[in-house]
Amino acid sequence: MFSVFEYVLITFYVAVLLIVSRWIGQQAFSWMPPQATAEAQRVDDLFSFLVSIGAFILLGLVGVIVYAIAFHRAPPEDYTEGHPSRGNGKLEILWTATPTLLVIWIAFQSFNIYQQLNILGLNQIVHLHTPLESAPAYAANVSDIPKPASETIDVFVRQWDWSFRYPNNLTTKELHLPLNRSTRLKMQAEKVIHGFYIPEFRLKQDIVPGRNIDIVITPIRSGKYRLKDSQFSGAYFALMEADVYVESLDKYNQWLAQTISSETTNTKNQAVAENIQPPKTLFKSGWYTVAPAQPAIANQRKIDNDT
């Protein structure tokens, strides 16, 4: 049995571990890119908590190991075996129930955050018992109060190219988002799965061919970001990048007006440039490859037939 002094030492050690682990968890916020959306805040909070838990477990185990090595080593020339210890029922329940409850809580918080992220069109994935024709599941956003998106932008992705169409039918190679306003992105993919990923947004959404998937984001930090393809979609997937600009509503509307009035230009696709180069080896594998999509026309406005 432990003495009162030993209980005091254990309590002090656990208190120090909690303080140090909490400090390490707070440092985890600086390990991530700056939070650029309202949705990123909840994701970073959960990440910080997981880091704190991991630090507490790691430091606790290391401390026990160091204590055992320092104070419970067998004396020299002592080769006798230790006492065959039997199981402790209370200890067995403690180290079984505690991790179980912790994992359940983490799973609940993760699912809660997923529900609060406004991701639409995934009803077929989340609820497998529903038919494919069922309506998409509407999840609440971060504030738990549904807010309509102020803008809707179509995102088209193909091998290996991003393009974006705005409400005024303007199509560009850049994604512009108004600051502090919810924007719905309607995403569509051709042929293979692509991944919409902006590290500062903390959102990584797969775009599945044949399925329209919407996400609603609320940028809270102006600046220039980089959109990447998080899924391996072929030989040139690393070249699938696009500039993302978060700006005030006035600058956003000004950019739309200026871009509409500018001349259409043919954009360059680096994947196409590399694909048309002659092979550097005589060996031919005969494998089927998908040719990159031809360069799209930037700053192009589609005119409706009714206008």
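Visitor: Is Asp-154 buried or exposed?
Guide: Asp-154 has a relative accessible area of 14% and is buried, where buried means under 20% relative accessible area, exposed over 50%, and partly exposed in between, for a 1.4 Å probe and protein chains only. This is a predicted model, so local features need a pLDDT of at least 70 and side-chain atom pairs count only at pLDDT 80 or more, whereas totals for chains, interfaces and linings use all residues. Residues are numbered from 1 along each chain as its sequence is written, and side-chain values use heavy atoms, with hydrogens and water left out.

Visitor: Which side chain does Asp-154 meet in a salt bridge?
Guide: Its partner is Arg-165, at 3.1 Å from N to O, a salt bridge being a side-chain nitrogen of Lys or Arg within 4 Å of a carboxyl oxygen of Asp or Glu. The pair links distant parts of the chain, with Arg-165 in strand S3 and Asp-154 in strand S2 (residues 151-158), 11 residues apart. Arg-165 is partly exposed, at 24% relative accessibility. Helices (H or I, at least four residues) and strands (E, at least two) are DSSP runs, numbered from the N terminus.

Visitor: How many salt bridges are there by that rule?
Guide: The count comes to nine. In one of them Asp-243 pairs with Lys-224, their closest N and O atoms being 3.9 Å apart. That pair also links distant parts of the chain, Asp-243 lying in strand S11 (residues 241-247) and Lys-224 in strand S10 (residues 223-229), 19 residues apart. Asp-243 counts as buried at 17% relative accessibility, while Lys-224, at 53%, counts as exposed. Through shared partners, salt bridges join Lys-224, Arg-226, Lys-228, Glu-241 and Asp-243 into one network.

Visitor: Switching to rings, how many aromatic pairs does the structure hold?
Guide: It holds six, counting rings of Phe, Tyr and Trp (its six-membered ring) whose centres lie within 6.5 Å, with planes under 30 degrees apart called stacked, over 60 edge-to-face and the rest tilted. Among them is the tilted pair of Tyr-67 and Phe-71, 5.2 Å centre to centre with 40 degrees between the planes. These two are separated by about one helical turn because they are four residues apart in helix H2. Tyr-67 is partly exposed at 44%, and Phe-71 is exposed at 61%.

Visitor: And what about Tyr-166 and Trp-255?
Guide: Their ring centres are 5.3 Å apart and their planes stand at 65 degrees, so that pair is edge-to-face. Tyr-166 sits in the loop between strand S3 (161-165) and strand S4 (170-172), and Trp-255 in helix H5 (residues 249-261), 89 residues apart. Tyr-166 is buried at 2% relative accessibility, as is Trp-255 at 14%, and Tyr-166, Tyr-252 and Trp-255 form one aromatic cluster.

Visitor: Last topic: which element has the lowest mean pLDDT?
Guide: Helix H4 (residues 123-126) has the lowest, at 37, and strand S5 (residues 175-178) the highest, at 94, pLDDT being the predictor's confidence in each residue, from 0 to 100. Over residues 120-146 the pLDDT is below 50, and this stretch has 42 contacts beyond near neighbours in sequence in the model, a contact meaning heavy atoms within 4.5 Å. Where pLDDT is low, the predicted coordinates should not be read in detail. Averaged over the chain, pLDDT is 78, and 73% of the residues score at least 70.
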